[in-house]
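Good morning, and thank you for joining.

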Amino acid sequence: MIPSPRRHRLAAAASLVLLACAVHAQTSDPAAPNSPAPIIERNAPPRPAVRPRVTAPKPASEPAAQPSALTADLFYEILMGEMTARSGDPGSGYALVLDAARRLRDGKLFQRAVEIALQSRSGDAALAAARAWQEALPTSRDARRIELQILIALNRIGETVEPLRAEVAATSQIERPLLMAVIARNYSRASDKKLAASVVERALVDELKSPTTGGLAWATVGRLRLNAGDNSGALEAARKGQEVDPASDAPPALALELIDPSQPLAEPIVTRYLASNTKATPDLRIAYARVLVENRRYNDAQTQLQALTTARPELAEPWLLLGSLQMQAKQDSAAETSLKRYIDLSSSQSNRDTDAADRKRGVTQAYLALSQLAERRKDFTGAERWLSRIDSTEDLTIAQTRRAGLLARQGKLPQAREIIRALPERTADDKKQKFLAEVQLLRDAKQYQAAYDMLAQASAAAPDDGDLVYDQAMVAEKLNRLDDMERLLRRLIQLKPESQNAYNALGYSFADRKIRLDEARTLIQKAVQLAPEDPFIADSLGWVEFRLGNTAEAIRILEAAYKTRPDPEIGAHFGEVLWSIGQKDRAVTIWKEALLSDAENETLQETLKRLRVKP
């Protein structure tokens, strides 16, 4: 017959209890000083007689089986506790299981009592069970860890100092890094984040002073301060951690997250560590390079990656990052060497690499970059050959877009547009990306009117799409429809008041035409406030200062921008300012560098033609 739901619950509860009994029978030791004395079950039936048999003697090392302390009454109490908890009365079930846990001094039963309390959303009851567990089994780390987690969840952070200190003391040195990561993660969930940072600092007072643990401990405190919004406090923690333990990578890893123009003391912590530790972890240097790229400090990032590839040439990832930066800096030959090196290393490491998906994405990125390098040389066959090696369906759109660009550069614009239009549209974003890719094909082919018409139609259908408005404004400038460009950019500023590109583009357009220069400077200064590290916006500011007659200030700004990003357009402006004050040799040198980067740059070519210079 089909068993009733009640019988199902009884069977499940009995299984759980029998499992707990089996564990208890294996682990209880009545001979131990603190173990409960063995109890003879009152209702146990007499054992049947059995005939003696000869058995092989047990090895001397094998412990004799020990009788369980579980009585029939306790068995029944646990069973009823489970059944009561499962039948909708968790409070009564909790009390029964906890009482049995106390009498048996069994960790698994204490844990079950905690689980029942948590399932009934009774944090105080869960905490009482965890503390009873601690009292019965003072050496149980599981009990202490659960108590800590419950206290944090209940936001009783102040009560965690002593249990946290005990947990740290019980953790071996080799496990400390993992423990510190767990502490930072768990305490970051506290609602009072400043108190959490303060409590952890008090609990780690001994570790903060130790030369072997100070760096890691201060970094943990610093992360919690950072989580509380105390950036200066986090920086101070990173500084103290490095003072206590200069060899620890934890303080510089924290300082990496604080690198910002408003925190000038963060970066020296990182550079000091990298300079003084020959065995610095490659991951930290790679992370530093990424931070430098995010801050548009491309030359500095390239320097770090070159140092890493020299010291550890067998590592694959730095070669990809270095090749990407070299390509951006128009160092095409070096970029090609770096990218090919990355592909070779990725192939040879494929059996050891645990993250095949990341490796495959990296190889696809390398293929795309090598295709672009071949395209720059007008080696369209070679560019197509690199694209054909991309076999990932996830990267189909990127590969096909690049393939369309190759066709367009060879004068096959209709075929290129058909490739874009044939791409799948799984999402609204896919549709938008296809549209923008087709517009870009038209712009690259100087089909500006067709591009403008497409953008105008799309913008009319989505009037609040700032990307469409900005692109339409840029195409209007190419068509010399400057009134339309200004109208569109002002509309974008209304839509997105924090759009630095809108302020910059409008201000630069005035400066370049030598009109409304004061307004131009105001607009560009607003863009600088929004993106202070952008070298292209700095270029605009330098250009408007030149137009206003502030030549010395223009040179200062343009020189810094060109050093940060030696782009041919910035070089064109910097060279012209130098030319205007008679520094013609230096101007020609900069223009030659710019021509090597991009001989087809429109601004550069217009400047050289207007000044009648042939570098």
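I begin with helix 11 (residues 214-227) and helix 12 (residues 231-244), whose axes come within 8 Å and cross at roughly 175°. Axes here are lines fitted to C-alpha atoms, for helices over the stretch in contact, with angles from 0 to 180 degrees between N-to-C directions. The two helices are therefore roughly antiparallel, a label for angles over 145 degrees. Helices themselves are DSSP runs of H or I with at least four residues, numbered from the N terminus.

This is a predicted model: local features need pLDDT of at least 70, side-chain atom pairs count only at pLDDT 80 or more, and totals for chains, interfaces and linings use all residues. Residues are numbered from 1 along each chain as its sequence is written, and side-chain values use heavy atoms, with hydrogens and water left out.

Which residues make the contact, meaning heavy atoms within 4.5 Å, between helix 11 and helix 12? Helix 11 contributes Gly214, Gly215, Trp218, Gly222, Arg225 and Leu226, while helix 12 contributes Asn231, Gly233, Ala234, Glu236, Ala237, Lys240, Gly241 and Val244. These residues comprise 5 nonpolar, 6 polar and 3 charged; Ala, Val, Leu, Ile, Met, Phe, Trp, Tyr, Cys and Pro count as nonpolar, Asp, Glu, Lys and Arg as charged, and the others, Gly among them, as polar.

I turn now to the backbone. Most residues other than glycine have a negative phi. Arg105, in the loop between helix 3 (90-104) and helix 4 (107-119), has a positive phi near 50°. Asn480, in the loop between helix 25 (466-478) and helix 26 (482-495), also has a positive phi, of about 65°.

Are these residues buried or exposed? Arg105 is partly exposed, at 29% relative accessible area, whereas Asn480 is exposed, at 58%. Buried means under 20%, exposed over 50%, and partly exposed in between, with a 1.4 Å probe and protein chains only.

Conventions:
Angles under 35 degrees count as roughly parallel, over 145 as roughly antiparallel, 65 to 115 as roughly perpendicular and the rest as oblique. Contact means heavy atoms within 4.5 Å.
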